[in-house]
Structure formats: C-alpha cells, structure tokens
Amino acid sequence: MLVGIAGFVAAGLIGAYKYRNRGSMSTSVFLMQLRVAAQGTVVGCLTAGLAYTMAKEYLLHEEPKSNTRPDE
C-alpha cells in the first residue's frame, strides 16, 4: 500500500515536470494519460502485495500472525 502511494506521488511529480514540456498536446489529454499512469502504478503495487501474501500463505504454508497475547 505504501509503495503504491509513493508511486502515485512519484507519477504526480513526474507529470508536473513533464507538463511544462508537453508540446502541442492538450491539457485534458495530458491529464488523462497521467491519471492512467498513476492508477496503473497503484493497481500494480496492490497486485504484487496480494500475490506476495498468497504465495506466503499457500506456497510456503506460513500461518498468519495472531494479534492476541499468549497466556502466561
């Protein structure tokens, strides 16, 4: 999730930089392409996180950690 947010911010910063050098491209087309790039970054990171969690649980057979304290 945090990597996805960082990727979204990075895409925004790169987009702000490239906005000045967009040439004859209209603003609406540029912003649409920037939105697709930012959303793709977030979806890709969430997919990678889900794949990692599923691989850890089903392929490596690790049990999820419990949030309860053990009895002493």
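Reader: How many aromatic pairs does the count come to in this predicted model?
Author: The model is a predicted one. Two rings of Phe, Tyr or Trp pair if their centres lie within 6.5 Å. By this rule, the count of aromatic pairs comes to one.

Reader: Are the planes of Tyr 19 and Phe 30 stacked, edge-to-face or tilted?
Author: A pair of aromatic rings is described by the distance of the centres and the angle of the planes. For Tyr 19 and Phe 30, the centres are 5.6 Å apart and the planes stand at 55 degrees. Planes under 30 degrees apart count as stacked and those over 60 as edge-to-face. The angle of 55 degrees therefore makes the pair tilted.

Reader: Which helices hold Tyr 19 and Phe 30?
Author: The pair links distant parts of the chain, with its two members eleven residues apart. Tyr 19 belongs to residues 2-19 and Phe 30 to residues 27-59. The helices are, respectively, α1 and α2.

Reader: Is Phe 30 buried or exposed?
Author: Buried means under 20% relative accessible area. Tyr 19, at 32%, is partly exposed. Phe 30 has a relative accessibility of 11%, so Phe 30 counts as buried.

Reader: Which residue has its charged end over the ring of Tyr 19?
Author: A charge sits over a ring only if, among other conditions, it is within 6 Å of the ring centre. Here the charged end lies 4.3 Å from the centre of the Tyr 19 ring. The residue is Arg 22.

Reader: How far does α2 reach from its first C-alpha to its last?
Author: The helix has 33 residues, and at 1.5 Å a residue a span of 48 Å is expected.

Reader: What percentage of the chain do buried residues make up?
Author: The secondary structure comes to two helices and zero strands. The chain has 72 residues. Of these, the buried share is 8%.

Definitions and conventions
Residues numbered from 1 in each chain as written. Predicted model: local features only at pLDDT ≥ 70, side-chain atom pairs only at ≥ 80, totals over all residues. Heavy atoms only, no water. Phe/Tyr/Trp six-rings, centres within 6.5 Å; stacked < 30°, edge-to-face > 60°. Helix = DSSP H or I, 4+ residues; strand = E, 2+ residues; numbered from the N terminus. Buried < 20%, exposed > 50% of the residue type's maximum accessible area, 1.4 Å probe, protein only. Lys NZ or Arg CZ within 6 Å of the ring centre and 35° of its normal. Expected span 1.5 Å × (residues − 1).
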